[in-house]
Amino acid sequence: MHSNGSEIEELYQRHGPALLLFAIAMTGERSSAQDAVQQIFARLLERGLGDVVDVKAYLYRCVRNAVLNEAKAQLRNVALDEDTPWFDVLNRDASEELSLRRALRALPSEQRQVVVLRVWCGLTHAEIAALLEISANTVASRYRYALEKLREAMGVREDFCADACG
Amino acid sequence: MHAGDENFEVYLKQFRPRAPEALPAVTGARKTRRALALGAWAAAILLMAALVAANWSVKPTTSNRSLHPLTIGAANELLERAPSVKAAMDELVRDSQEKSVPKSQSAFEALSEETVNP
């Protein structure tokens, strides 16, 4: 399957940003998240994907395992990175990005992971459930709570219209 | 999920996650590191071999010390330094036959045992 360097590079271009954001959602900071994602792709460049069928699910599982292993190895609570943006601010107000980042950081890690996987990684509730090894109902409830908290933290009303704010 | 949630989700999706740093050319870098490590090892081994060889060739041994020819100048110097002729002869023999001559044996006895080829 995808085993040569250019195909792995293409996967990195396509999934890298979302994978990195997911890793950030787990670690709380960008630097170790970046290390985890690069470590996965460096290994893929060397060994290829082999007989992996669902590449996207495989990549997310690899990143999750890498972050969990790193956390176990270092036995530390990572301090949340206050300064580095998680999102591009090219077409948006930087204060909006900061507001979203702060709201995400304030979420419990398990809710943050679910909302990131759903909104920015494009995974379904079933895929998130399989990845995080929890039930689909748990995913749905964590997602609902996370959205409520984000909306509240960002000062967005419930009858908010995305187009008007975009 | 109600309409407010969907609108909010659409709003959130307008934020684009930042791209990670460019993927380093891992394979190439690793090969270079491996080659450098091998080169360093080879250089270290060559240096060690050169040092050992140099040390070996310079270090004086009993066998090559005994090969030094006895010149008149060296004999005169030895006689001047030694308290007596017997002592000078003893020292001369001790240098040339350090291992084979017992300490109790005199130089004259040792010399008398040597076979001289015509």
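How many residues does the contact take from chain B and from chain A? In this predicted model, the contact draws 20 residues from chain B and 33 residues from chain A. The points below describe chain B's side of that contact, the make-up of chain B, and a helix of chain A.

**The side of chain B that touches chain A**
- Two elements of chain B, α1 (3-13) and α2 (26-58), each give two or more residues to the side that touches chain A.
- Helix α1(B) provides the largest share of this side, namely nine residues.

**The make-up of chain B**
- Chain B contains six helices and zero strands.
- Its pattern along the sequence therefore reads α-α-α-α-α-α.
- Of the 118 residues in chain B, 7% are buried.

**Helix α1 of chain A**
- Helix α1 of chain A covers residues 5-27, and its end C-alpha atoms are only 28 Å apart.
- A straight helix of 23 residues, at 1.5 Å a residue, would span 33 Å.
- Within α1(A), a kink of about 55 degrees is found at H15(A).
- This kink at H15(A) comes shortly before the proline P17(A).
- Just after α1(A), the residue G28(A) adopts a positive phi of about 90 degrees.

**A general point on helices**
- Residues three or four places apart in an α-helix point the same way, because the helix has 3.6 residues a turn.

Notes
Residues numbered from 1 in each chain as written. Chains lettered and ligands numbered in written order. Predicted model: local features only at pLDDT ≥ 70, side-chain atom pairs only at ≥ 80, totals over all residues. Contact = placed C-beta atoms within 7 Å. Helix = DSSP H or I, 4+ residues; strand = E, 2+ residues; numbered from the N terminus. Buried ≥ 20, exposed ≤ 12 C-beta atoms within 10 Å, placed from the backbone. Expected span 1.5 Å × (residues − 1). Bend = angle between axes of the 7 residues up to and from the residue.
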